[in-house]
Amino acid sequence: MFGLQIIDIAVGLIFIYLILALTCTAVNELIAGWVDRRTKNLVQGIRNLLNDAKVTDKAPGSNPDTSLVESFYSHPLIKALEENGTKPSYIPSRTFALTLLDLISPAGSEPKTIEDIRGAVQALPADSTLRRALLVMIDDAGDDLKKVQANIEIWFNNAMDRVSAWYKTRTQTIIIVIAVLVVLATNADTLRIGKALSNDQALRDSLVAQAQEYVKTAPPPGTLDPSKPPTDKVAEIKKNVAAIQTLGVPLGYRDDNPNGFNWWLSKILGLLLTVGAASLGAPFWFDMLNKFINVRSAGKSPDEVAKPPEAPPKRQEEVPPK
């Protein structure tokens with residue numbers, strides 16, 4: 001029974017961490033949508049690939065003072081990805097390659113050859129980093145124009161992997177800040193909540209039941225869809241806050257009674273534990289919750305498993321003679 005109690009306490013804490021992490025993720029996605037963080041991150045990545053002050057758009061009729069980055073985002077293939085006049089937050093690698101090749105060597109009445117591309121690239125300034133990168137990819141492709149396009153796509157995808165890493169690093173920093181604010185707002189003290197769970201069986205049973213129902217009905221959490229309107233993200237935040245309020249765990253500052261150094265040390269430690277847990281992300285805690293619920297289901301004590309009634313022993317006279 002003691003082992004099952006420990007598992008129930010763990011399930012309760014993990015479920016609380018999951019709800020807090022979902023709230024932090026929703027707030028982060030709402031902020032990211034407001035400031036258009038994904039688009040700005042992609043633009044910075046494109047600038048790292050193309051931004052060379054001495055490289056300008058070669059398309060007929062273009063402004064010679066327009067930078068290649070500006071021309072890239074003005075190209076019809078990229079403009080088609082815009083939504084309500086906003087730069088795209090995602091660009092397919094094939095679209096990037098076709099757009100870049102068209103900017104370097106604009107399409108004409110006749111199909112382009114590998115020599116057309118090589119000549120256009122060699123005409124770029126000698127100190128252009130873009131010129132050097134493209135020549136390496138052209139030399140690797142030999143006489144295969146499709147291989148040139150494929151090399152540019154690979155180059156772009158590798159760069160976008162780094163851009164994604166930047167975004168994740170920045171997002172993790174923001175998530176930690178949001179987690180601090182959410183935990184302080186709710187006074188979600190891990191040590192206090194753990195103590196309440198260990199002393200209150202009804203609270204443990206309630207949280208375990210809610211956690212089991214959540215695992216059965218809710219889809220695995222992930223990054224919220226950035227295409228959703230802000231109202232959907234606000235509704236997600238309100239839903240998570242309402243869930244926290246109905247858990248029945250000790251939250252808020254009403255029952256806090258500061259009493260000496262040890263109390264403050266315990267409070268700070270408990271809050272820091274919750275901040276660290278909430279910043280790990282909802283997918284992590286959803287997986288943990290599934291594992292602990294499976295362990296709990298498989299680890300019930302024999303006394304808790306229903307047994308069929310045993311048949312009474314037969315009397316001696318009912319045993320047939322041999």
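This is a predicted model: local features need pLDDT of at least 70, side-chain atom pairs count only at pLDDT 80 or more; totals for chains, interfaces and linings use all residues.

Me: What makes E29 and R38 a salt bridge?

Reply: Their side chains come to 3.0 Å, N to O. The rule asks for a Lys or Arg nitrogen within 4 Å of an Asp or Glu carboxyl oxygen, so the pair passes.

Me: Why is E29 called buried?

Reply: E29 has 3% relative accessibility, and the cut-off is under 20%, so E29 counts as buried.

Me: And why is R38 called partly exposed?

Reply: R38 comes out at 21%, which falls between 20% and 50%, so R38 is partly exposed.

Me: How do you know that D256 and R192 form a salt bridge?

Reply: The closest N and O atoms are 3.6 Å apart, and the limit is 4 Å, so that pair counts too. D256 sits in the loop between helix 11 (230-245) and helix 12 (260-278), while R192 is in helix 9 (residues 190-199), 64 residues apart. D256 and R192 are both buried.

Me: What makes D256 and K267 a salt bridge?

Reply: Here the N to O distance is 3.4 Å, again within 4 Å, so the label holds. K267 lies in helix 12, eleven residues from D256.

Me: Which residues do shared partners join into one network?

Reply: D189, R192, D256 and K267. By this rule the count comes to seven salt bridges.

Note on methods:
Residues are numbered from 1 along each chain as its sequence is written. Side-chain values use heavy atoms; hydrogens and water are left out. Buried means under 20% relative accessible area, exposed over 50%, partly exposed in between (1.4 Å probe, protein chains only). Helices (H or I, at least four residues) and strands (E, at least two) are DSSP runs, numbered from the N terminus.
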